[in-house]
Amino acid sequence: IKKYLKMTGDPSLLPFKLHDFGGRGVATYEQAGLGGAAHLVNFMGSDTVTGSVYARKYYNTPEMVAFSIPAAEHSTMTSWGGRDGEILAMENMIDQFLKKDSIVACVSDSYDIYNAIIQHWGTTLREKIMKSGGTLVIRPDSGDPVEVTLRCVELIGDKFGFGVNEKGYKVLHPSVRLIQGDGIDLEMVDKILANFAKHGWSADNIAFGSGGGLLQKLNRDTCKFAMKCSTIKVDGEWRDVFK
């Protein structure tokens with residue numbers, strides 16, 4: 001990541017370029033603490049609370065060492081009433097969390113990532129996003145990461161605009177960015193950023209989240225099992241929840 005930031009963008013962004021989603025993919029609470037603290041040697045973004053607890057306890061660190069932002073996940077998007085409710089879930093995230101100088105992440109591939117960018121974010125909610133003074137981080141979470149991230153950054157550029165930095169690479173309008181959190185490991189990060197550079201896009205535009213592959217590589221595929229939300233009761237009525 002540092003190599004591509006030096007080549008195409010701003011290296012000072014590095015501490016928040018790889019977010020720890022790994023707590024769910026480890027065997028024990030202790031492993032989350034050990035792996036999460038190790039990650040914090042190099043980065044400052046984490047959803048593994050245990051890693052921060054361990055780092056502060058065992059290194060006698062009084063200040064906070066890890067940071068995160070409000071973020072949606074699939075069942076918080078799909079529980080709004082299926083495909084027709086996705087735009088309502090998205091608007092709610094903006095209304096609740098997207099304020100001046102704030103950052104909000106929203107998974108957007110529950111039904112169709114490209115339609116979400118073109119119609120929902122880039123048309124219906126575009127003005128609200130751009131006037132907020134904050135930054136929406138769009139998260140694609142399925143498909144070929146190399147192909148999907150490039151297509152997404154191009155579509156976002158079409159809808160929100162972009163500039164060209166002093167190194168000659170395109171940087172999206174500051175109101176919107178990308179985070180790729182599916183299939184991320186060392187090799188995939190390199191492939192995505194190489195593809196961005198090849199097509200003239202700065203690494204400034206994208207951050208990464210790594211879950212099962214970051215801390216231990218004991219993940220949902222190890223035992224071929226995952227637990228997911230499948231239904232929710234809203235105002236006394238049951239709704240199916242699925243992507």
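**Helix packing, cysteines and loop residues**

Reader: Which residues of α5 are buried?
Author: Helices here are DSSP runs of H or I of at least four residues, strands are runs of E of at least two, and both are numbered from the N terminus. Buried means under 20% relative accessible area, exposed means over 50% and partly exposed lies in between, with a 1.4 Å probe and protein chains only. In α5 the buried residues are Glu-86, Ile-87, Ala-89, Met-90, Met-93 and Ile-94.

Reader: Within what arc do the buried residues of α5 fall, seen down the axis?
Author: The arc is taken from the directions between the helix axis and the C-beta atoms. The buried residues line one face of α5, because they fall within an arc of 165°.

Reader: What are the numbering and the confidence limits of the model?
Author: This is a predicted model, in which local features need pLDDT of at least 70 and side-chain atom pairs count only at pLDDT 80 or more, while totals for chains, interfaces and linings use all residues. Residues are numbered from 1 along each chain as its sequence is written, and side-chain values use heavy atoms, with hydrogens and water left out.

Reader: Which elements do the buried residues of α5 pack against?
Author: Contact means heavy atoms within 4.5 Å. The buried residues of α5 pack against α4 (74-78), β2 (103-107), α6 (113-124) and α7 (126-132).

Reader: At what angle do the axes of α2 and α3 cross?
Author: Axes are lines fitted to C-alpha atoms, for helices over the stretch in contact, and angles run from 0 to 180 degrees between N-to-C directions. The axes of α2 (residues 29-39) and α3 (residues 49-58) come within 7 Å, and the crossing angle is roughly 70°.

Reader: Which residues does Thr-50 contact, leaving aside its neighbours within four places in sequence?
Author: Thr-50 sits in helix α3 and is buried, at 12% relative accessibility. With neighbours within four places in sequence set aside, its contacts are Tyr-29, Ala-32 and Gly-33.

Reader: How far is the sulfur of Cys-229 from the closest cysteine sulfur?
Author: A disulfide is a pair of cysteine sulfur atoms within 2.5 Å, and the structure holds 0 disulfides. Cys-106 is in none, and its nearest cysteine sulfur, in Cys-152, is 13 Å away. Cys-106 is buried at 0% relative accessibility, whereas Cys-229 is partly exposed at 38%. The sulfur of Cys-229 is too far from that of Cys-106, its closest, for a bond, at 16 Å.

Reader: What is the phi of Asn-60?
Author: Most residues other than glycine have a negative phi. Asn-60 is in the loop between α3 and α4 and is exposed, with a relative accessible area of 67%. Although Asn-60 is not a glycine, its phi is positive, at about 50°.

Reader: What is the phi of Asp-101?
Author: Asp-101 lies in the loop between α5 and β2 and counts as exposed at 65% relative accessibility. Asp-101 is not a glycine, yet has a positive phi of about 65°.
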